[in-house]
Amino acid sequence: MNSKDAREPSEAELAEMDRDQLLKLGGALDGVEIVDYPDPWPVKGTRAEKRAERGVALWFLLAGLAGLAFVVLLCWPDVWRYKAPEAEGTFWYSLYTPALGVTLGLAILGLGVGILLYTKRFIPHELAVQERHDGGGEGSSEIDRKTIVAHLEDAGHRSTIARRSLIKRSAALGGGALGLGLVALPVASFIKNPWTEPDPANTLWHTPWGPEHPGDVVYLRRYTGNSHDIVLLRPEDLDAGGMETVFPFHESERNDPEKLSAVFNRSDTPVMLIRLRPEDAARVVKRQGQEDFNFGEYYAYSKICTHVGCPASLFEQRTNRILCPCHQSQFDALHYGKPIFGPATRALPQLPITVSADGYLVARSDFVEPVGPAFWERKS
């Protein structure tokens, strides 16, 4: 029977047809002739068939175990916390990101290979010939809907998935674990509540640039590669047009190696200290209420991009632009760090600085606004 000879049945006849009859009718209406439809396993329950089933299930099981390992690593307490190169636990911390990549990759690989093997070993490889015709742009009729459902049901029946409980369970484990990992990935960022810290400096509103007590002086400290070195900056240490990343130093930290290292582990401490050239400093536009935040030609901006928190670590001397390499946001250092290109919408927070009596650059206070990207409690 071809598409020209096929007679469209009435609704009553269509309702009484079983799946095989609907298959034949759908093929005839579409001009499809199945030349060969071999059963991959004509003899059921052979060793080869069971071996093939176990092989598919093994890949799905690998996907499930890798997916669960990914979720455990993602949520394991403290394993994701930054460790300085000389700190205890650095080796295991260095393996954290590779472990996440390996486990997620194995989960996706196992699921993909399992599906490919099942398709190759258990789905019949039919040989069909179809007449070419133009559907005319008409929507699907009731007959088309009935016959396509029958074809899908027949494909599932002939694939023998209904009786492959081992494959179904392992596939559910692999797919479920991978899905759980993909859900846990964005949820993991909510595990730590930033408002439960007893130290105000550890909340999103404050940074270690603020004084710990009245009279406390916060110096601008250079990072030399050794977290125990204390190198404080004077104005003459930076050339005109130069930039350097600085960190806060409190005198109370001088004999405390742990605190000396901890300041480099935080995400809210890096500050970009810029010394403008005299001709550029004359063109600066200052933010209202922050007119005295600079010290002469010296301006200090948070190095944390206000888009998603990447380090805005590039300074283009010729244009006086601060660039974030992650998503290409650009900020104008001559216009209070205002964004002029890219997805960032807020200016970089400016740190008020001055020079102490002993000639060192110091912070006058903490930032007057939170650093980094927006969060729910922030109003602007």
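Guide: R277 counts as partly exposed because its relative accessibility is 22%; the class covers values between buried, under 20% relative accessible area, and exposed, over 50%, computed with a 1.4 Å probe on protein chains only. Salt bridges that share partners join R277, D280 and R283 into one network, where a salt bridge is a side-chain nitrogen of Lys or Arg within 4 Å of a carboxyl oxygen of Asp or Glu. The model is a predicted one, in which local features need pLDDT of at least 70 and side-chain atom pairs count only at pLDDT 80 or more, whereas totals for chains, interfaces and linings use all residues. Residues are numbered from 1 along each chain as its sequence is written, and side-chain values use heavy atoms, with hydrogens and water left out.

D280 is buried, because its relative accessible area is 5%. R283, in contrast, has a relative accessible area of 51% and is therefore exposed.

The structure holds 9 salt bridges. Another of them joins the side chains of R222 and E244, at 2.5 Å from N to O. This pair links distant parts of the chain: R222 belongs to strand β3 (residues 218-222) and E244 to strand β5 (residues 243-250), 22 residues apart. Strands here are DSSP runs of E with at least two residues, numbered from the N terminus. R222 has a relative accessible area of 24%, so this residue is partly exposed, while E244 counts as buried because its relative accessibility is 15%.

A further site is P343, in the loop between β11 (338-341) and β12 (353-355). With 36% relative accessibility, P343 counts as partly exposed. Neighbours within four places in sequence left aside, P343 is in contact with H307, H327 and S329, contact meaning heavy atoms within 4.5 Å. From C-alpha to C-alpha, P343 and H327 are 7.2 Å apart in space, and they are 16 residues apart in sequence.

How values were computed:
Helices (H or I, at least four residues) and strands (E, at least two) are DSSP runs, numbered from the N terminus.
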